[in-house]
Amino acid sequence: MSAADMKAAEPPVPGLRQPEERPAAGAPGPDAATPSPVGAGTRRKRKAGAFLPYLLIAPAFVAIAAVFVWPLIKTVIMSFQDVGRRELWTGDPAPWVGFEQFTNILGDGEFWDVVWRTLLFMVACVVATMGIGLFLAQAMQRMTNWVRLALTGALVAAWSLPLLVATSIFRWFADSDYGVVNMVLTKYLGLDFRGHNWWLDPKQGFLMIGAVVVWGAIPFVAITLYAALTQVPKELEEAAALDGAGAAGVFRFVTWPVIKPVFQMVTTLSVIWDFNCFGQIFLMRANKPEPEYNLLGLYSYEKAFESNSLSQGAAIGLITVLLLSGVAVYYLRQLLKIGEVE
């Protein structure tokens with residue numbers, strides 16, 4: 001008998017740990033015979049839980065589609081039809097006219113006058129908004145805490161003021177008989193503005209309308225730019241000042257590169273908002289704006305509801321969307337760049 005056989009024949013000694021037998025090479029282990037039920041259950045749970053995020057955001061997608069996507073689709077369809085009041089109320093199918101609505105609009109000189117008027121108004125409002133907003137944001141950095149807190153509260157209060165209330169206040173300011181503007185110019189500056197009507201001249205009228213637009217947009221711009229200015233490292237500004245850079249040099253080479261993405265994003269939003277200005281003009285002119293005060297939003301409304309040409313209004317709205325599509329793409333690119341930096 002060999003030594004191996006004698007060892008195998010020996011009875012196990014109580015209390016002594018016996019060595020584990022190793023499986024032969026290539027033979028499956030004891031755990032390999034049956035798969036682990038815990039791992040399979042985990043995989044099934046993960047597979048089922050992968051759809052949970054989509055289920056949670058599904059109501060938001062449905063709401064967005066109902067509020068934005070479906071009206072946009074209907075606008076595109078109506079712009080290629082001739083929809084009038086009869087088709088709107090009876091539900092009868094409107095005749096298809098192809099590009100006739102766009103041809104009539106683009107060939108109308110009044111439409112291009114409105115486009116240029118909208119562009120000039122938008123540029124003036126955006127420049128004034130961004131300039132005053134940046135000035136206030138920089139001033140807030142140099143204020144004491146309680147003064148900055150009071151100014152921030154005033155800005156938020158002005159921002160939250162309803163548009164109807166704001167336009168009513170500015171209509172009172174520009175009133176020909178009891179307006180604050182005429183009173184200040186006459187009483188304190190010695191100018192003869194008693195009974196002056198600011199709405200006879202469209203340039204003066206747009207000055208008042210622009211004041212409402214800028215006044216309502218400054219709080220958002222100032223607070224956003226102030227938040228961006230707080231991210232500028234103070235040590236870099238101090239180092240630039242020690243190297244001999246003036247206030248303009250510090251802002252140009254230190255402050256501006258930091259706040260530039262936020263400034264561009266806010267400017268893009270201001271362009272979109274001011275280009276679509278509607279409520280301020282409509283309310284300032286007592287719901288009956290003169291043709292000289294028509295911007296693209298009002299022009300589309302007038303064609304659709306006052307001239308009873310819903311398809312022309314839809315076509316003008318679609319052209320407005322196309323004009324702003326480049327600005328929207330630029331805005332999305334800025335958002336992506338800011339996300340990459342962060």
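**Group meeting: a walk through the model**

Let's begin at I64, which sits in helix α3, residues 52-79; helices here are DSSP runs of H or I with at least four residues, numbered from the N terminus. Before I go on, this is a predicted model, so local features need pLDDT of at least 70 and side-chain atom pairs count only at pLDDT 80 or more, while totals for chains, interfaces and linings use all residues. Residues are numbered from 1 along each chain as its sequence is written, and side-chain values use heavy atoms, with hydrogens and water left out.

Back to I64. This residue is partly exposed, with a relative accessible area of 43%. For these labels, buried means under 20%, exposed means over 50%, and partly exposed is in between, using a 1.4 Å probe and protein chains only. I64 also belongs to a nonpolar surface patch of about 840 Å², together with V67, F68, V69, W70, I73, I77 and W96. Patch residues have over 30% relative accessible area and no salt bridge, and nonpolar side chains (Val, Leu, Ile, Met, Phe, Trp, Tyr) are joined within 5 Å. The areas come from the Shrake-Rupley method with a 1.4 Å probe.

What does UniProt list as "transmembrane region"? The unreviewed entry gives residues 51-73, 114-137, 149-174, 206-228 and 310-332; such annotations may be inferred rather than shown by experiment. In the model, residues 114-137 are 100% helix and 0% strand, with end C-alpha atoms 34 Å apart. For residues 149-174 the span is 88% helix, and the end C-alpha atoms lie 31 Å apart.

Now, the inside. The largest nonpolar core has 60 residues, and F111, F121, I209 and I281 have the most contacts inside it. Such a core is a set of buried Ala, Val, Leu, Ile, Met, Phe, Trp, Tyr and Cys residues joined through side-chain atoms within 4.5 Å. Helix α10 gives the most to this core, with 14 residues. I281 touches F206, I209, P289, Y293, L295 and L298, leaving aside residues up to four places away in sequence; contact means heavy atoms within 4.5 Å.

Last, how many salt bridges are there? The count is two, taking a side-chain nitrogen of Lys or Arg within 4 Å of a carboxyl oxygen of Asp or Glu. R285 pairs with E290, with the closest N and O atoms 2.8 Å apart; R285 is buried at 15% relative accessible area, and E290 is partly exposed at 26%. R194 and D192 form a salt bridge at 3.4 Å, N to O. R194 is exposed at 68%, and D192 is exposed at 60%.

Terms used: Patch = residues over 30% accessible without salt bridge, like charges linked within 9 Å, V, L, I, M, F, W, Y side chains within 5 Å. Helix = DSSP H or I, 4+ residues; strand = E, 2+ residues; numbered from the N terminus.
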